[in-house]
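Please keep the sequence and the model in view while reading.

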Amino acid sequence: MELSAIGDILVAGLLRGGLFVLMALGLSLIFGVMNIPNFAHGEFYMLGAYFAYFSRTLLGLNPVLCIIMAALGGFIAGSIIEMTAFKALRKRSKGNWVMNSFLLTVGLSILLQNLAQATLGVRFMGISHYWQGSINILPNISVSIDRFAGFVIAMATVALFYLFLHKTKTGNSIRAVSEDEDGAMLVGIKMNKVHTLTFALGALLAAIAGAALLSINPAYPTMGLAPLYKSWFVVILVGMGNVWGTVIGGFIVGIVEAFSYYNLGAGWQDVVSLMVIITILALKPSGIFGKSVRGVWDR
Amino acid sequence: MLELKNVSAGYGPLQILWGISLKVETGEFVSMVGPNGAGKTTCLKSIAGMLDVTEGEVIFKDAVINKMQTSDITSLGLSFVTEEGCLFTGMTVAENLDLGAFILSDKKKIKELQDNIFDLFPRLAERKKQLAGTLSGGERKMLSIARGLMSNPSILMVDEPSLGLAPNLVDSVFDALITLNKKGVTILLVEQNVHTTLEITDRTYVIEQGHICLQGLSSEMLDNEHVKSCYLGIV
Ligand SMILES: Nc1ncnc2c1ncn2[C@@H]1O[C@H](COP(=O)(O)OP(=O)(O)OP(=O)(O)O)[C@@H](O)[C@H]1O
Ligand SMILES: [Mg+2]
């Protein structure tokens, strides 16, 4: 393989991976704090794309504002869904929470897809570009500004998110709940608030990912499936509850995909990603950086 | 300050507490002793709102608290240090202490509380940056008590602080509790270490099979025949 090809693959992989990181962070957060394996995560990506599309086409907002609108929309949708569906389930479901909440997310996923289809139709709703043109990131590798901006937005979001989790009181309370629920309640942290906020933040991250890629992946009702699986790949690969692990995992999956795309052709990337994941899990069942997963599934 | 009126509680269909009544007055140092499985931990959990009270009432500062959430009970000024500690093991000692003060917002007050705690447990001050999960068993106990104090509680409930500690550490934990009580913190202590407990506390309840079977001044308990034979090993 030529050097320039390797450069191409790395760049494409990193650009792709940046968005997987965003998706996977939300997934990992929601699982780590609330014990919900969220299979409706892709639908927040879809909502984000639609929010951005309408902000751009109907309201004519500038690209950055479109993405902020999508983030807000995702956050609000996430809070509403948590406060209605999951809070109700939490009251009733005592045992088997993981399974019950999993089924609820699957139901939500179908519901949201069909709602989108019923109200907006099945046609692609995309834009040609946020920012026109392309730039050279390496001497002979040029990428569209949109892709590059998507990457920058993803990384800025990850950095802000990390600072939020570690440097603010609210962020610390979210981490506390994921560390020890009883301990968190005993110091006076209100569980309901943390749960709603966590789910809303996870939805926000997914919505930003959907919005940032709008000019590359147009909005349509079932667009969330592929990124959902990709982000599960990442989370399975690195384990839960580790921000930096998730970042690295997102890039690994992105690069593996770009590599298979380049060498084997479109359609093979999932096969190769899954093979890499199976190999790693066979060697280290808790994921590359994962803590022991014992106990997580007991609750 | 704290009163239980005929409290019954348990786990699902399994009833553990059968009409427990007890009282802790402001400034008192009260203990609860009893054999393994008697229901001491269960009793503290139902006070802290971690377990449903099926009958009776828990009254704290004139409010009925047995329908309230744990976090709201903490906000009222009741702090419960569990046997396991429930520490945030992936976070540092300093972060654990900060979270202990979650219900407070006055930065100056928080700093003052932290300084007092570091006076009480100098070892924690040396290990501020260390992850709670990497502390020794004794240090974890200290941290869990310290975290419980960071909310500036009016009453502190401590479950078996001496469990698993070396004798000299047991003494220092008890000394810390005595100091706290002298400073005006009301304490409800559950302990297996009956002799020392009776020596340092004001009053004691003996709980057996979910019932209070004896109560009175700790000093008098030391002479009680039942206590002597069952808990102090004196025939
Ligand atoms: N989560 C639970 N589910 C069912 N039963 C429980 C549970 N926790 C405790 N029990 C039972 O309740 C009874 C009282 O337990 P509890 O922990 O209150 O005892 P304890 O007085 O604190 O004992 P120890 O001195 O050993 O700590 C025991 O018989 C115990 O088996
Ligand atoms: Mg106990």
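Predicted model: local features only at pLDDT ≥ 70, side-chain atom pairs only at ≥ 80, totals over all residues.

Residues are numbered from 1 along each chain as its sequence is written, chains are lettered from A and ligands numbered from 1 in the order in which they are written, and side-chain values use heavy atoms, with hydrogens and water left out.

**Overall form of chain A**

- Chain A contains 11 helices and 2 strands; helices (H or I, at least four residues) and strands (E, at least two) are DSSP runs, numbered from the N terminus.
- Along the sequence, these elements follow the pattern α-α-α-α-β-β-α-α-α-α-α-α-α.
- The radius of gyration of chain A is 19 Å, in agreement with the value near 19 Å for a compact globule of 299 residues; the radius is taken over C-alpha atoms, and the globule rule is 2.2 Å times the number of residues to the power 0.38.
- The C-alpha trace of chain A spans about 60 × 50 × 35 Å along its principal axes.
- Of the 299 residues in chain A, 51% are buried (under 20% relative accessible area; exposed means over 50% and partly exposed in between, with a 1.4 Å probe and protein chains only).

**Nonpolar cores**

- A nonpolar core is a set of buried Ala, Val, Leu, Ile, Met, Phe, Trp, Tyr and Cys residues joined through side-chain atoms within 4.5 Å.
- The largest core has 74 residues, and those touching the most other members are A:Leu22, A:Phe44, A:Ile81, A:Tyr130, A:Ile189 and A:Leu214.
- Helix α8 (residues 191–212) of chain A supplies the largest share of this core, 12 residues.
- A second, separate core of 36 residues includes B:Leu113, B:Ala132, B:Leu149 and B:Ile200.
- Beyond its neighbours within four places in sequence, A:Ile189 has contacts that include A:Val194, B:Leu99 and B:Phe102; contact means heavy atoms within 4.5 Å.

**Helix α11 of chain A**

- Helix α11 (residues 269–283) of chain A has 15 residues and reaches 22 Å from its first C-alpha to its last, close to the expected 21 Å, a span given by 1.5 Å times one less than the number of residues.
- The buried residues of α11(A) are A:Gln269, A:Val272, A:Ser273 and A:Ile277.
- Seen down the axis of α11(A), these buried residues fall within an arc of 135°, so they line one face of the helix; the arc is that of the directions from the helix axis to the C-beta atoms.
- On the other side of α11(A), A:Met275, A:Ile278 and A:Ala282 are exposed.
- The cover over the buried residues of α11(A) includes α9 (225–238) and α10 (243–264) of chain A.
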